[in-house]
Amino acid sequence: MRQRQSIIALLLLVLLALPAPCRGEERLLVYEEVVTGGADPATPLPMLIAIHGLGGSPGTFQRLFTAWSDVPARVIFPRGPAASGRGWSWFATEIRHGTVVKVSVEDIRSSAARIAALTEHLVRTRPVVGKPVVTGFSQGGVLAFVVAVLSPELVSGAIPMGGWLPPELRPAGPAGSGRAPIRALHGAADSLVPYLRTKEIVEALAAAGWDA
């Protein structure tokens, strides 16, 4: 019994002695990486962080990018942390009759922070050219907005698609000098995430001095 306690105590000491980055690596999001344009994976390349939507996955979202035969890039597809149907989700949301009525801002903030942490890790460990660009569709579009306004120093630009920015996460003041350009894309006939909501967000960001 005493020997078992000694072994457990020794293991705890070893774990506590590990540097913080090693203990945190396991918290990084699961992701898939694709190099397009026939480029050599060991070559420094522009990086794109591509975030899938509700019920999507890295594999399904890749189909939009793997046909880039003439665009050499390193495309990173992070996976949402929660299972949703046959795919994954980034934050809890409630949809009634095709309309989003409730979302978890805490989940959005948490997922955006984890994407930011993954981005920092990849920039340190992959050969890249410049800062990454972040994009995403639906829930991924929401996160592309959030990463751009909460961690603008990490990315060179953001392209949210079919997303919006919750009021609680909108920047309170004008954009700083390190702001990332935001180019939002949205279908005018979108019945789930209204186009006019996103249009108002982009106009408000531009009025506050953001390059949106």
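The structure holds 4 aromatic pairs, where rings of Phe, Tyr and Trp (its six-membered ring) pair if their centres lie within 6.5 Å, and planes under 30 degrees apart count as stacked, over 60 as edge-to-face and the rest as tilted. Keep in mind that this is a predicted model, in which local features need pLDDT of at least 70 and side-chain atom pairs count only at pLDDT 80 or more, while totals for chains, interfaces and linings use all residues. Residues are numbered from 1 along each chain as its sequence is written, and side-chain values use heavy atoms, with hydrogens and water left out.

Let's start with one pair. The rings of phenylalanine 61 and phenylalanine 77 have centres 6.5 Å apart and planes at 85°, so this pair is edge-to-face. Phenylalanine 61 lies in helix 3 (residues 58-61) and phenylalanine 77 in strand 3 (residues 74-78), so the pair ties together parts that are 16 residues apart in sequence. (Helices, H or I with at least four residues, and strands, E with at least two, are DSSP runs numbered from the N terminus.) Both phenylalanine 61 and phenylalanine 77 are buried; buried means under 20% relative accessible area, exposed over 50%, and partly exposed in between, using a 1.4 Å probe and protein chains only.

Now for another pair. Phenylalanine 65 and tryptophan 68 have ring centres 5.3 Å apart and planes at 75°, so they are edge-to-face too. Phenylalanine 65 is buried, at a relative accessible area of 7%, whereas tryptophan 68 is partly exposed, at 28%.

A charge sits over a ring if NZ of Lys or CZ of Arg is within 6 Å of the ring centre and within 35 degrees of the ring normal. Arginine 79 has its charged end over the ring of tryptophan 88, 3.7 Å from the centre. Likewise, arginine 197 lies over the face of tryptophan 164, at 5.6 Å from the ring centre.

On to the strands, which pair if DSSP finds at least two bridges between them. Strand 2 (residues 47-51) and strand 8 (residues 133-137) run parallel and are joined by 4 bridges, with isoleucine 49 standing opposite valine 134 in strand 8. Strand 8 also runs parallel to strand 9 (residues 157-161), joined by 5 bridges. There, valine 133 stands opposite glycine 157 in strand 9. Between these two, the chain crosses from strand 8 through helix 5 (residues 139-150) to strand 9 in a right-handed β-α-β crossover: with the strands pointing away from the viewer, the path from the first strand over the helix to the second runs clockwise.

Next, look at the loops. Serine 138 lies in the loop between strand 8 and helix 5. Its phi is near 60°, a positive value in a residue other than glycine, and at 18% relative accessibility serine 138 counts as buried. Glycine 53 is in the loop between strand 2 and helix 3 and is buried as well, at 11%. Leaving out residues up to four places away in sequence, glycine 53 touches Trp88, Phe137, Ser138, Gln139 and Gly140, a contact being heavy atoms within 4.5 Å.

Finally, a word on confidence. The mean pLDDT of the protein is 86, and 84% of its residues reach 70 or more; pLDDT is the predictor's confidence in each residue, from 0 to 100. Over residues 4-26 the pLDDT is below 50, and this stretch has 5 contacts in the model beyond near neighbours in sequence.
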